Amino acid sequence: MKPQCRWLACAVLVLIAATSLYTAPPAAAAEPLLLPGKKTLYERVLTRPGAKLVASPGAADGKPVVALSRFYVYERQDAGGKQWVKVGGSSRGNTDGWLDAAQTIPWKQQLTLAFTNPANRSRALLFDSHDSVMGLLKAPDAGAKAAELLKSVESGKADPRVVSVEPKEYVDLSKKFYLLPILQAEALSAPANVRVLQVASVTAKPGDASPAEAQKRQQETPAVIRSFSAAVVFVIDTTISMGPYIDRTRDAVRRISAKIEKAGLADQVKFGLIGFRSSTKAVPGLEYVSKVYANPGEVKSGKDFMDKVAGVSAATVSSARFEEDAYAGVMEALRQVHWNDFGGRYVVLITDAGAIDGGDELSETKLGAEQVRIEAAQLGVAVLGLHLKTPAGKANHARAEKQYRTLTQHSQARRPLYYPIESGTVDRFGRQVDTLADTVVQMVQGASRGELVAGSAQSVQSGKPKEADEQIKADALAVGHAMQLAYLGQQKGTQVPDLFTAWLSDRDFAHPELATVDVRVLLTKNELSNLSEAIKLILDKGEESQRNDTADFFNLLRSSAVHIVRDPAKLNDPKAKNLADLGLLGEYLDDLPYKSKVMHLTADEWETWSASARQQEDFLDGLRRKLRHYQIYHDDTDRWIMLDGSSDPGEAVYPVPIDALP
């Protein structure tokens, strides 16, 4: 903060400037943003695969950044519908550019883990969620169940709960540094002394292919893409007002199915249909909330599809409200269809009403648009919304549009895959369904000839605004292009540096006394120096308290620590109960998943110890040992690590074991 000048000082400056003798002082160096509620701890982020540093928010061209590079955050700004962060590799004020915030992960504390030697325990399992690891920890025979799970995974049987397994061989962090940043940590009361940790990792970087290998892979593409298939699942509102649209959808599929069979593509393009209504608890006469009429994985032919959907009809009774449970219908499609059997994955939502939100008592899923969108994205499914804006739903149009714009967001589309049909015209609706079905079939026909969808998701959508039919075709091709590339990667076994997060237990399931990991704190040289200075001050004042035979240890610290704390007000806070409250130790130690004997020492405890010089001396001896240890760390030049993203030697970090902290 720039100092405020008094009137006289300002007058002098004006006078000096007027005589051309004044040279403005250099501007103060910028500082990174502080974490909320912190005085010294800066915001830091890790980069996701594909992140790029750009010169300004929203710029298209940039410099690729290695995944899991660490940066300090200096500024936040919105541009182009995204949030951007201005970042630098050090905290000294030098910035490197801007990152799309969505391509970063907050890293509040520089915590990482290292696997312990697995010689006498089972290999650690990395789970997809907190619930998965907790479910195993709470199982009656956790050790046996973990052993069965590990055996199954090692034999090649995939388990959706397990995203990775610890390497069979021990990797010594002191000889080969690897980064497994800890994003969250939780200490459990039961089982006792067990923590669950969320970590991030990145797959090994693939080696650059030789020209011959690259050419071979390119030549493989036509053969691989010929087996590309697609599924289009219509999720239709089947309430009392939807009869004409149900019939028109059936007509579109009947027509396109004949075309597919004539082209010999009946095995590569499948259609499905799911109906949805609303709560049957509120209105039993609705018969169902959602119902699968035709699952594309089970449809054998166009005739088989028509037979399965022949019974689809509009409800004969009204729902309790105008809004229907659209999310239940979409989730039914996501859950019931085996999407892995298809490269192209489309869900087409057709409704004239808004969706019942997850917080509503009539909601079956208890999910909102954003949650359903995420579920679809995880399966690689594109959700398209055909919203029939009939006069009867005029009061609901704005709310429904907002919901469906959120639901139909797709990573490969510049705009939501949302298509309003004004006045709910049946003919206009029919043209949209015809266009979508035709586009998917054309894409699969091209694939059967070994051809990819031309262009990228961006180029497909460039140009002037399109008519409704053109827009839905462009969007279907855009997401189809992305789906084909994903299909090729899967079929070829392509390795990419893809980021994943996982949860694990820091103790062996069968033998909780054995640690599976060591938690490390990556301290910079400045942080280690500040920590050493604080510990030395505590040690000096403890020794002085002993020499003077006084129990007023905390007051001695208060009078001497002003020069090492960022927030002097803490020193005089009457509510301060322990050393951590005084602000003596760096904020990078706050909220760590361990209990510190030093940080939590209270004045009362020290006074109690005064009756026994041995307890005080043991405490002070412990500080002396830590100081020595920190000096060893400082001098151990081989183990100071430069994280990707930083080139400032002052930002080198040392992986300090958590048990070595005060």
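This report describes the strands, helices and selected loop residues of a predicted protein model.

## Basis and overall figures

Because the model is predicted, local features need pLDDT of at least 70 and side-chain atom pairs count only at pLDDT 80 or more, while totals for chains, interfaces and linings use all residues. Residues are numbered from 1 along each chain as its sequence is written, and side-chain values use heavy atoms, with hydrogens and water left out.

The protein has 16 helices and 21 strands; these are DSSP runs numbered from the N terminus, helices being H or I of at least four residues and strands E of at least two. Of its 662 residues, 48% count as buried, where buried means under 20% relative accessible area, exposed over 50% and partly exposed in between, with a 1.4 Å probe and protein chains only. The accessible surface comes to about 32900 Å², and carbon and sulfur atoms account for 50% of that surface. These areas come from the Shrake-Rupley method with a 1.4 Å probe; for residues, only the protein chains shown count as cover. Among contacts (heavy atoms within 4.5 Å) between residues at least 6 apart in sequence, 72% join residues at least 24 apart.

## The five-strand sheet

An open sheet is formed by five strands in the order β6-β5-β4-β1-β7, with antiparallel pairing. Two strands pair if DSSP finds at least two bridges between them. Strands β6 (97-100) and β7 (104-106) are the edges, each pairing on one side only. From one strand to the next the twist averages 50°; axes are lines fitted to C-alpha atoms, for helices over the stretch in contact, and angles run from 0 to 180 degrees between N-to-C directions.

Within this sheet, β4 (residues 70-79) and β5 (residues 82-88) run antiparallel and are joined by seven bridges. Val 73 stands opposite Val 87 in β5. In the loop between β3 (63-64) and β4 lies Leu 68, which has a positive phi near 65° although it is not a glycine. Leu 68 is buried, with a relative accessible area of 6%.

## Strand β8

Strand β8 (residues 111-115) is mostly covered, with five of its five residues buried. In a regular strand the side chains alternate between the two faces of the sheet. In β8, Leu 111, Leu 113 and Phe 115 point one way, and Thr 112 and Ala 114 point the other way. The strand is joined by five bridges to β20 (residues 517-524), and the two run antiparallel. Ala 114 has Asp 518 as its bridge partner in β20.

## The six-strand sheet

A second open sheet has six strands in the order β15-β14-β13-β16-β17-β18, and its pairing is mixed. The edge strands, each pairing on one side only, are β15 (290-294) and β18 (418-422). Neighbouring strands are turned by 20° against each other on average, direction ignored. Seven bridges connect β13 and β16 in the parallel sense, and Val 232 has Tyr 346 as its bridge partner in β16. Helix α9 (residues 397-407) packs on the sheet, touching β16, β17 and β18, and its direction makes about 170° with that of β17.

## Helix α5

Helix α5 (residues 243-262) has 20 residues and reaches 29 Å from first to last C-alpha, close to the 28 Å expected at 1.5 Å a residue; the expected span is 1.5 Å times one less than the number of residues. Its buried residues include Tyr 245, Ile 246, Val 253 and Ile 260. Seen down the axis, the buried residues of α5 fall within an arc of 165°, so they line one face of the helix; the arc is that of the directions from the helix axis to the C-beta atoms.

The elements against which these buried residues pack include β13 (230-237), β14 (269-276), β16 (344-351) and α10 (426-448). After α5 comes Gly 264, with a positive phi near 75°.

## Helix α7 and two loop residues

Nine of the eleven residues of α7 are buried, so the helix is largely enclosed by the rest of the structure. Among them are Tyr 327, Met 331 and Glu 332. Val 337 is found in the loop between α7 (326-336) and β16. Val 337 is buried, with a relative accessible area of 5%. Not counting residues up to four places away in sequence, Val 337 touches Val 233, Asn 295, Pro 296 and Phe 342. The C-alpha atoms of Val 337 and Ala 294, which are 43 residues apart along the chain, are separated by 9.8 Å.

Lys 366 is in the loop between β16 and α8 (369-378). Its phi is positive, about 65°, although Lys 366 is not a glycine. At 48% relative accessibility, Lys 366 counts as partly exposed.
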